Amino acid sequence: EYIRLLEATSEGPTIQVYGRTKSKRQAIEIGRWDRWWTYTLAAETGLRAAELASLTPESFDLDRGEVTVEAGYSKRRRRDVMPIRRGLLEGLRGYLAAKPAGEPVFRFPSNGRTPKAMDMLRIDLRNAGIPERTAEGVIDFHSLRHTFISRLIERGVDPRTVQDLARHSTITLTIDRYSHSSEGRKREAIEGDDK
């Protein structure tokens, strides 16, 4: 579903979403590549909508392959430096080159304070033919963070590193909330190297 979302977004039109600025309701136009990079960074770094909304071009150090969320915007109120996968750096470099210094890279509708990234995601889910509600649950913007953490666990990354990358206060939250067992994974676990 994540790949379908990115494909549909990259082929989609500029969309209009509505938000508030100083008690005034206004339409915000968000281009397909702005949305594509928003979803990609959420699923590749685990950054939350408010954290993404705080980023300026200066938040990125592409030579080091890092993005920094300042303490005032991080959920845990600490300056967070997150690694960016090497395969994204060149594309991100080109994308950021067109962004004005000191200005937010990502524009979201908001209710005045809180970004409402789900408003734009809902449109792209519909364009991708992905239902927002299924038997497994509801897709929301936080689902992209869930994708990031779940993929780390599925790759066999050790729990402590997953906790650090998720920026969780306890390992229990990381494992209980984001790890999932399946019949295939249970079979792999007991078979080990004897396959």
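A nonpolar core is taken here as a set of buried Ala, Val, Leu, Ile, Met, Phe, Trp, Tyr and Cys residues joined through side-chain atoms within 4.5 Å, where buried means under 20% relative accessible area, exposed means over 50%, and partly exposed lies in between (1.4 Å probe, protein chains only). The structure is a predicted model, in which local features need pLDDT of at least 70 and side-chain atom pairs count only at pLDDT 80 or more, while totals for chains, interfaces and linings use all residues. Residues are numbered from 1 along each chain as its sequence is written, and side-chain values use heavy atoms, with hydrogens and water left out.

The protein contains nine helices and seven strands, these elements being DSSP runs numbered from the N terminus (helices, H or I, at least four residues; strands, E, at least two). Of its 195 residues, 43% are buried. The accessible surface comes to about 11,400 Å², and carbon and sulfur atoms account for 48% of that surface; accessible areas were computed by the Shrake-Rupley method with a 1.4 Å probe, and for residues only the protein chains shown count as cover. With contact defined as heavy atoms within 4.5 Å, 57% of the contacts between residues at least 6 apart in sequence join residues at least 24 apart.

In soluble globular proteins, nonpolar side chains tend to be buried together. The largest nonpolar core of this model comprises 49 residues, among which L52, F60, L92, F106 and F141 touch the most other members. Helix 5 (residues 117-128) gives the most to this core, contributing seven residues. When residues up to four places away in sequence are not counted, F60 touches L41, L55, E66, V67, I84, L92, L96 and V105.

Strands are regarded as paired if DSSP finds at least two bridges between them; strand 3 and strand 4 run antiparallel and are joined by two bridges. In the hairpin that these strands form, four residues lie between the strands, and G65 takes a positive phi near 75 degrees. Strand 4 (residues 66-69) also pairs with strand 5 in the antiparallel sense, over four bridges, with V69 standing opposite D80 in strand 5. Strand 5 (residues 80-83) has a covered face, made up of D80 and M82, and an uncovered face, made up of V81 and P83.

Helix 4 (residues 86-97) has twelve residues and should span 16 Å at 1.5 Å a residue, which agrees with the 17 Å between its end C-alpha atoms; the expected span is 1.5 Å times one less than the number of residues. Its buried residues are L88, L89, L92, Y95 and L96. Viewed down the axis of helix 4, these residues fall within an arc of 135 degrees, so they line one face of the helix, the arc being that of the directions from the helix axis to the C-beta atoms. The buried residues of helix 4 pack against helix 2 (32-45) and strand 3, whereas G87, E90, G94 and A97, on the other side of helix 4, are exposed.

E44, which lies in helix 2, is buried, with a relative accessible area of 13%. Apart from its neighbours within four places in sequence, E44 is in contact with Y2, R85, L88, F148 and R151. R167 lies in the loop between helix 7 (159-166) and helix 8 (171-178) and is likewise buried, with a relative accessible area of 6%. Leaving aside neighbours within four places in sequence, the contacts of R167 are G46, L47, R48, E51, S74, R76, D80, M82 and R145. R167 and R76 are 91 residues apart in sequence, yet their C-alpha atoms are 7.8 Å apart in space. S169 is found in the loop between helix 7 and helix 8, but counts as exposed, at 70% relative accessibility. The C-alpha atoms of S169 and R76 are 8.5 Å apart in space, with the two residues 93 apart in sequence.
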